[in-house]
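Please read them alongside the sequence and the coordinates.

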Amino acid sequence: MPRRKSQTVHRRLAQVEALQRMSEQIVRAADVDGVCQLAIDGVRSTIAPDRSAVLLLRDGAMRFVAWQGLSDGYRAAVEGHSPWSLEDPDPQPVVIPDALDEPSLAGLIDVVRNEGVRSLSFIPLVHEGRLLGKFMLYWDEVYAPSPDETRLAQAIASHVSVVVARHKHEADLQAARDRAVAATRAKGEFLATMSHEIRTPMNGIIGFASLLVEARLPGEHGEWVRTIYTSGQAMLRILNDILDFSKMEAGRFEMEIAPFDLERTLRDGISLLTPLAAAKEIDLHLDVLGLNRAIAQGDPARVRQVLHNLIGNAVKFTHRGTVTVRARIAEGTEGAEGGDRVRIEVVDTGIGIPADKIGSLFERFTQIGTSDARHYGGTGLGLAISRRLVELMGGEIGVTSESGQGSCFWFELPASRQAADVRHAA
Ligand SMILES: Nc1ncnc2c1ncn2[C@@H]1O[C@H](COP(=O)(O)OP(=O)(O)OP(=O)(O)O)[C@@H](O)[C@H]1O
Ligand SMILES: [Mg+2]
């Protein structure tokens, strides 16, 4: 091989290796400023211009991010200049071999001359048709870079563009996420405040309606007052659900977890719904087995709330048959060290739940039939709240069901193993 040709090959090979090293470093770089600095280093060891710089579009103008050999005064004077409009769909490199001959630089010529710059190459940083910034190469003499040198600069620029675009995308995503979180929090706080504010006058309405109910007004006036009273109570229940739910969403929901008497809580829960079940001629009963060997851990008021919703649902969605509340030590935990759990099941012989609907059941505002709200009442918050309550108590909730046959809603709570005689300690 002639000597000159072999020298050229060697130089090219060195350039390719330098470019490869640089691209590996660029991909690993943690931030955009680091990437720009790597590009400057890469261009120095390959094209070797007298000076160079990377500028990125920030707040609608080109800003210096990394540079080599440029004075503060020069950077301040030329920052913002761009040979392309910001909307240019296909910006191409602009090579100016002699700045003194370039009409487009006439306004900046004194600055350029004072800096000692004579030749400039503008290489656009573009990603998916969007101008992101520019890569600048400067020579102190009149110089026309070869097409290969310009192509090499473009290759480096495209590496930088990919990483800059990725960082920008990640920053945009983070900002969108922050906005969504803030909006959700604002919505939650609004709901919490509103439901709290509405609760106070509701209590007045319900209180006086109940006095009027007790006054046993004659005829239809008595009916009307009873309707005001029961509607007020239904509304208060919804308000309480919304208030609880928004507190949970905001992470401001408090509960006291301690050992408690599960059997008594179950009896209380059932007795509240017995009149409703009796009115529908549904047999509602409790079936407790072996609970005396474990004491459940939780907040009894919140367990009652979960029971109220699960039993309420079971009665609501059952037209004939039975609703059984079963409680026992969870299977597989008996004899296990320190990991006991109690399992409570609410089993009904009601309308059941289609298999494809079970997955979304515990999400808020989920009701299976579109006519459920009208037909059965409710807002679809009960199960979403129940799930959060159970999870806050360190438990788990779930359901098995068959459409038309009935459902079994269950939840498990942590329990500690105790001797039978401390059964009612809580
Ligand atoms: N035991 C059940 N049998 C059949 N379907 C049920 C049962 N429990 C819940 N569902 C279905 O799940 C939906 C959601 O129940 P959830 O308790 O969350 O809301 P809701 O009872 O409709 O309203 P809310 O509890 O807010 O008053 C119900 O609307 C119903 O479609
Ligand atoms: Mg419900």
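1. Helices and strands here are DSSP runs, of at least four residues for helices (H or I) and at least two for strands (E), numbered from the N terminus. The model is predicted. By these element names, alanine 48 belongs to the loop between α2 and β1.

2. Alanine 48 deserves a look at its backbone. Its phi is near 55 degrees, which is positive in a residue other than glycine. Alanine 48 has 11 other C-beta atoms within 10 Å and is therefore exposed, the cut-off for that class being 12 or fewer.

3. Aspartate 50 is also placed in the loop between α2 and β1. Because aspartate 50 has 17 C-beta neighbours inside 10 Å, it counts as partly exposed. Setting aside neighbours within four places in sequence, aspartate 50 is in contact with Gly69, Tyr138, Trp139 and Asp140.

4. Glutamate 281 sits in the loop between α7 (262–279) and β7 (283–289). It has 9 C-beta neighbours inside 10 Å and so counts as exposed.

5. The largest nonpolar core has 40 residues. Those with the most contacts inside this core are Cys36, Ala39, Val54, Phe135, Ala153, Ile156 and Val160. At least two residues of the core come from each of α2 (32–44), β1 (51–58), β2 (61–68), β4 (119–127), β5 (130–139) and α5 (147–214). In soluble globular proteins, nonpolar side chains tend to be buried together.

6. What does phenylalanine 135 touch, not counting residues up to four places away in sequence? The list is Ala39, Val54, Ile123, Leu125, Ala153, Ile156, Ala157 and Val160. Among these, Ala39, Val54, Ala153, Ile156 and Val160 are also named with the most contacts inside the largest core.

7. The domain assignment divides the chain into domain 1 (3–175), domain 2 (186–249) and domain 3 (258–422). The C-alpha centres of domain 1 and domain 3 are 66 Å apart.

8. Around ligand 1 there are 23 residues, of which Asn313, Phe317, Gly378, Gly382 and Leu383 come nearest. The elements that give two or more residues to this shell are α8 (300–316) and α10 (382–392). By residue class, the shell divides into nine nonpolar, 11 polar and three charged.

9. Is α8 enclosed or exposed? Of its 17 residues, 13 are buried, so α8 is largely enclosed by the rest of the structure. From first C-alpha to last, α8 reaches 23 Å, close to the 24 Å expected at 1.5 Å a residue.

10. Threonine 349 is in the loop between β10 (341–348) and α9 (372–376). With 18 C-beta neighbours inside 10 Å, threonine 349 counts as partly exposed. Not counting residues up to four places away in sequence, threonine 349 touches Thr318, Gly321, Thr322 and Gly406. The C-alpha atoms of threonine 349 and glycine 404, which are 55 residues apart along the chain, are separated by 8.3 Å.

Notes:
Residues are numbered from 1 along each chain as its sequence is written. Chains are lettered from A and ligands numbered from 1 in the order in which they are written. This is a predicted model: local features need pLDDT of at least 70, side-chain atom pairs count only at pLDDT 80 or more; totals for chains, interfaces and linings use all residues. A residue is near a molecule or strand if its C-beta atom, placed from the backbone, lies within 6 Å of it. Ala, Val, Leu, Ile, Met, Phe, Trp, Tyr, Cys and Pro count as nonpolar, Asp, Glu, Lys and Arg as charged, and the others, Gly among them, as polar. A nonpolar core is a set of buried Ala, Val, Leu, Ile, Met, Phe, Trp, Tyr and Cys residues joined through C-beta atoms within 7 Å. A residue is buried if 20 or more other C-beta atoms lie within 10 Å of its own, exposed if 12 or fewer, and partly exposed in between; C-beta atoms are placed from the backbone. Two residues are in contact if their C-beta atoms, placed from the backbone, lie within 7 Å. The expected span of a helix is 1.5 Å times one less than its number of residues. Domain bounds come from an automatic or database domain assignment.
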